[in-house]
Amino acid sequence: MPLSAAAPHETTIAVVGAGRLGTVLARALRAAGFDVRGPLVRDEIANTSTTESTENTERIDIALLCVPDSAISDAADAARPHADLIGHVSGATSLDSVDFSIHPLQTFTGTEAPDVFHGIGAAVAGRTPEALATAEQLARALGARPVVLDDAHRAEYHAAASFASNFVLTVLDAAEQLAHAVGIPRDEARDLLAPLVRQSVDNWVAVGAKEALTGPIARGDHTTVARQRTATVPLDLEHLFDALADSTRVLAERPAA
Ligand SMILES: NC(=O)c1ccc[n+]([C@@H]2O[C@H](COP(=O)([O-])OP(=O)(O)OC[C@H]3O[C@@H](n4cnc5c(N)ncnc54)[C@H](OP(=O)(O)O)[C@@H]3O)[C@@H](O)[C@H]2O)c1
């Protein structure tokens, strides 16, 4: 069921799951002109549509499951009698229970405006060429850039997203803890460290990690690295420090691409 870019209001989309992503996605799809139901809570899809299309009743074109990964299979079973096409928004989950998937490569709290999707990547997949085309069209309608993802490569893709988001926060929290330990209030520590973080990210985007790397490991200053490590011990951060220092040495010694 290809979407009509010219007439999105002719496509009915039920957003199932009223959590962080479902709330924002329903808002954004509505802003893009689709006829959106929801975000729907558990089993609400059964009251929103009928199982048969008649003149007086409605059938859902697409059910988009924004539920925890562990609930996708059950939610798909519940949506199947009511919707022509079913998709999920999980980066980690295969297409086993659904027709397509669209995974926005961004982190959501539920408060974001519809334009949060503009310019971001969105991994798309489909069990059929038609289902894949629908996922790509949905991504473009949201203003996102679709990237086709094979189910066989989901684990690598999702691990990349975790490194870029979850693990960055773990590292930044360690920096905040160390600054706090010397008496800098936590909010001030984040303010002080933020320009350094942003510049590092900008440099990585521009030239890659190898070229962007500065600091004692890149300079081969082992004495300073050893003193830093000692400072992490009272906060139980030495294992994280060791793992990151080891990987940073490998990066520093990697031949230029
Ligand atoms: N948040 C993000 O940054 C983000 C980014 C990309 C992709 N995603 C994907 O988005 C999906 C949802 O994540 P989330 O962060 O939005 O989770 P969430 O905030 O925990 O929301 C999940 C929602 O699904 C509801 N739910 C659970 N089982 C259901 C069912 N069987 N039928 C209908 N609703 C059900 C939950 O309701 P109850 O409270 O009643 O359990 C909750 O409102 C996941 O696949 C995740 O991988 C999330």
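Q: Why is strand β6 largely enclosed by the rest of the structure?

A: First, the ground rules. This is a predicted model: local features need pLDDT of at least 70, side-chain atom pairs count only at pLDDT 80 or more, and totals for chains, interfaces and linings use all residues. Residues are numbered from 1 along each chain as its sequence is written. A residue is buried if 20 or more other C-beta atoms, placed from the backbone, lie within 10 Å of its own. In strand β6 (residues 121-126), 5 of the 6 residues are buried, so β6 is largely enclosed. Strands here are DSSP runs of E, at least two residues; helices are runs of H or I, at least four; both are numbered from the N terminus.

Q: Which strands does β6 join?

A: Two strands pair if DSSP finds at least two bridges between them. β5 and β6 run antiparallel, with 5 bridges. There, His103 stands opposite Ala123 of β6. β6 and β7 (residues 145-148) run parallel, with 4 bridges. Val124 has Val148 in β7 as its bridge partner.

Q: Through which helix does the chain cross from β6 to β7?

A: Look along the strands as they point away from you; right-handed means that the path from the first strand over the helix to the second runs clockwise. Here the chain passes through α4 (residues 129-142), and this β-α-β crossover is right-handed.

Q: How many residues surround the ligand?

A: Near means a C-beta atom, placed from the backbone, within 6 Å. The shell has 23 residues, and the closest are Gly17, Gly19, Leu21, Ala71 and Ser90. α1 (20-31), α3 (72-79) and β5 (100-104) each give two or more. The largest share, 3 residues, comes from α1.

How values were computed
A residue is buried if 20 or more other C-beta atoms lie within 10 Å of its own, exposed if 12 or fewer, and partly exposed in between; C-beta atoms are placed from the backbone.
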